[in-house]
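Subject: Structure for you to look at

Hello,

Please find the structure below.

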Amino acid sequence: MATMESLIGLVNRIQRACTALGDYGGGDQAFSSLWDALPSVAVVGGQSSGKSSVLESIVGRDFLPRGSGIVTRRPLVLQLQKTENGQDYAEFGHIPRRRFTDFALVRKEIEDETDRITGKSKQISPVPIHLSIYSQNVVNLTLIDLPGLTKVAIDGQPESIVQDIENMVRTYVEKPNCIILAISPANQDIATSDAIKLAKEVDASGERTFGVLTKLDLMDKGTNAIDVLEGRAYRLQHPWVGVVNRSQADINKNVDMIIARRKEREYFASSPDYGHLASKMGSEYLAKLLSRHLESVIRARIPSITSLINKSIDELESELDHLGRPIAVDAGAQLYTILELCRAFDRIFKEHLDGGRPGGDRIYGVFDNQLPAALRKLPFDRHLSMQNVRKIVSEADGYQPHLIAPEQGYRRLIEGSLNYFRGPAEASVDAVHFVLKELVRKSMAECQELKRFPTLQSTIVGAANESLERFRDESKKTVIRLVDMESSYLTVDFFRKLPQEVEKIGNPGGGNPRENPRESAAVGVDRYAEGHFRRIGSNVSSYVNMISETMRNSIPKAVVYCQVKEAKQNLLNYFYTQIGRKEGKQLAELLDEDPALMERRQQASKRLELYKKARDEVDSVSWAR
């Protein structure tokens with residue numbers, strides 16, 4: 001069967017480990033929950049109720065600051081660990097691995113550490129001080145000394161100090177796993193006890209409250225506290241315990257705590273009022289009583305503690321998988337890691353293009369909306385206006401006018417019109433390039449594996465953007481070639497199907513045109529008439545519209561082939577060839593992690609180690625039950 005020492009020692013070790021990791025009094029909710037799940041004892045009382053003396057009696061050492069007014073201005077988490085032998089010593093959570101064997105220096109360190117947070121004033125702070133004391137004269141316990149409850153603010157304190165102290169105390173005693181050690185002076189009416197009043201509010205059933213009466217030796221002659229100690233004045237689920245602390249004279253004379261304990265035992269044994277209760281009175285009995293109760297609470301809590309630890313281990317392992325495991329130091333493993341990270345990024349980028357993630361549809365939007373709109377806005381009306389057609393056709397004829405159809409005029413008008421397609425073609429290339437760059441940025445932001453490597457992130461993004469620039473340049477050359485090809489060779493069949501025009505020269509033979517069918521099939525036209533130039537403009541417009549439909553279909557094909565397809569297949573190919581030539585030091589520089597992530601992983605690893613050790617210890621204790 002697991003011993004009381006092993007159970008409480010287990011809790012103390014877990015609490016100390018939590019303290020070392022800063023997992024108490026804030027921070028990660030999961031780790032604070034572990035502390036909250038572990039039972040502890042909060043010492044509550046009004047100012048000058050004898051709290052500090054009770055704690056020193058339990059410890060058997062004179063180590064707490066003393067004075068008037070508010071002396072305890074920060075919570076003191078005191079963990080007592082029983083040792084088999086050796087010298088007593090203390091360790092603080094904020095200066096680990098430094099042992100204090102002089103307990104006067106412990107008192108000084110508590111004062112200095114309090115002043116470090118609150119300053120040399122009467123202010124209070126909820127930030128706890130963690131102190132572990134190792135001694136063969138203690139029982140395994142975790143005690144929390146809280147600032148004394150008060151009713152009025154003194155000089156140098158804000159008016160809110162009364163409520164501030166009560167709120168701080170409540171944050172501890174309201175927790176269902178907190179055992180309340182309510183300290184009340186016997187020389188005051190128990191009905192006015194601040195500690196009992198607060199304990200009743202947060203623990204109405206009294207299951208978590210232990211009542212302690214101090215200053216029994218200072219009561220007026222002829223009076224006693226039997227009614228309280230025997231539960232008649234105020235009943236609790238647990239028995240009241242009376243203690244007799246050192247007097248101020250004893251403290252001034254530095255009376256040894258061992259001697260003080262002996263005097264306390266003698267007081268109760270020889271007291272006519274309390275002699276029959278002597279075996280259940282005194283600080284030694286109080287410590288054992290609390291320790292036994294802690295044992296029973298811990299036994300009842302082991303299943304829930306185990307469940308919480310296992311849940312926390314799963315969450316931590318998941319977090320570490322998310323953060324990534326530590327990187328190997330050899331160049332081969334580093335290169336493999338970089339390539340794997342690149343593939344992870346590339347996979348997300350392809351998912352955006354293929355529709356597995358949003359964003360790729362914007363490329364289709366360029367082809368279905370932007371390109372047609374740009375083609376519709378081309379200034380063909382101005383280029384093929386009557387005035388411009390007349391000007392270009394006339395200039396194309398030169399000094400010798402055309403005989404049948406103004407072919408050179410046609411060609412110049414068509415070439416000038418087709419040149420306008422360059423703008424929408426290049427704009428489509430640039431628009432898709434912008435979308436691809438955005439998808440690179442978005443894919444990098446979504447690649448969780450790369451978040452820990454800011455240098456590699458920027459390097460990959462830079463390499464990807466360089467590739468996109470090359471793809472854009474090639475795509476622009478291709479779409480411009482498409483426009484130039486249409487200009488370099490016109491579709492002859494289109495013009496063969498147009499009605500033929502002949503110059504109107506009259507009928508000098510006076511014959512009937514019906515008698516000359518070949519002549520009647522041609523359209524008579526005056527090459528200087530407005531209708532002639534209007535027909536030329538209309539023919540050219542029809543041809544350009546036909547080419548516009550062709551461009552609307554061929555430009556997207558060229559862009560997808562030169563940019564989108566290349567980005568899917570070869571986005572990081574050039575980077576792969578470059579990375580393969582780098583040496584170990586250069587690879588390590590690429591894997592230079594974000595310091596914040598490194599710290600986060602280190603803390604998570606430490607916590608995971610803590611939880612696994614805690615699980616092993618809880619399991620060993622469970623098997624021994």
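**Overall picture**

Of the chain's 625 residues, 48% count as buried. Please keep in mind that this is a predicted model. The chain holds 23 helices and 11 strands. Among its contacts with a separation of 6 or more, 80% are between residues 24 or more positions apart.

**The nonpolar cores**

Which residues touch the most other members of the largest nonpolar core? They are Phe345, Phe421, Leu456, Ile460 and Leu572, in a core of 68 residues. Helix H20, residues 530-570, contributes the most to this core, with 12 residues. A second, separate core has 38 residues, and Met168, Ile180, Trp240 and Met281 are included in it. As general background, nonpolar side chains in soluble globular proteins tend to be buried together.

Apart from neighbours within four places in sequence, Phe421 is in contact with Leu375, Leu378, Phe380, Val483, Val544, Ile547, Ser548 and Met551.

**Helix H20 and one of its residues**

Ile536 lies in helix H20. Is Ile536 buried or exposed? Its relative accessibility is 0%, so Ile536 counts as buried, the cut-off being under 20%. Once neighbours within four places in sequence are set aside, the contacts of Ile536 are Val389, Val393, Pro406, Tyr410 and Leu413. Ile536 and Met386 are 150 residues apart in sequence, while their C-alpha atoms are 9.3 Å apart in space.

**H14 with H15**

The crossing of H14 past H15 is right-handed. Sorted by class, the contact of H14 with H15 has 5 nonpolar, 2 polar and 2 charged residues.

**H16 with H20**

Helix H16 (residues 422-446) packs with H20 at an angle of about 30°, and their axes are 10 Å apart. H16 passes H20 in a right-handed crossing. From H16, the residues in the contact are Ala425, Ser428, Val429, Val432, His433 and Leu436; from H20 they are Ile555, Val559, Gln563, Val564 and Ala567. This contact of H16 with H20 has 8 nonpolar and 3 polar residues, and no charged ones.

If you wonder about the spacing of such residues, a general point applies. An α-helix has 3.6 residues a turn, so residues three or four places apart point the same way.

**H11 with H16**

H16 also packs with helix H11 (residues 331-354), here at an angle of about 130° and with the axes 9 Å apart. H11 and H16 are therefore oblique to each other. H11 passes H16 in a right-handed crossing. In H11, Phe345, Ile348, Phe349, His352 and Leu353 meet Leu436, Leu439, Val440, Lys442, Ser443, Met444 and Glu446 in H16. By class, the contact of H11 with H16 comes to 8 nonpolar, 2 polar and 2 charged residues.

Two names here have come up before. Phe345 of this contact is one of the residues that touch the most other members of the largest nonpolar core. Leu436 of H16 meets H11 and is also part of the contact with H20.

**Two further places to check**

How many of the residues of helix H3 (residues 51-59) are buried? The count is 9 of 9, so H3 is mostly covered. The buried residues include Lys51 and Glu56, as well as Val54, Leu55, Ile58 and Val59. After H3 comes Gly60, with a positive phi near 85°.

Arg170 sits in helix H5, residues 161-173. Its relative accessible area is 18%, so Arg170 is buried, as the limit is under 20%. Leaving out residues up to four places away in sequence, Arg170 touches Leu198, Glu201 and Val202.

Regards

Methods
Residues numbered from 1 in each chain as written. Predicted model: local features only at pLDDT ≥ 70, side-chain atom pairs only at ≥ 80, totals over all residues. Heavy atoms only, no water. Core = buried A, V, L, I, M, F, W, Y, C linked by side-chain atoms within 4.5 Å. Buried < 20%, exposed > 50% of the residue type's maximum accessible area, 1.4 Å probe, protein only. Helix = DSSP H or I, 4+ residues; strand = E, 2+ residues; numbered from the N terminus. Contact = heavy atoms within 4.5 Å. Axes fitted to C-alpha atoms, helices over the stretch in contact; angles between N-to-C directions. Left-handed = near helix turned anticlockwise from the far one by under 90°. Nonpolar A, V, L, I, M, F, W, Y, C, P; charged D, E, K, R; others polar. Parallel < 35°, antiparallel > 145°, perpendicular 65-115°, else oblique.
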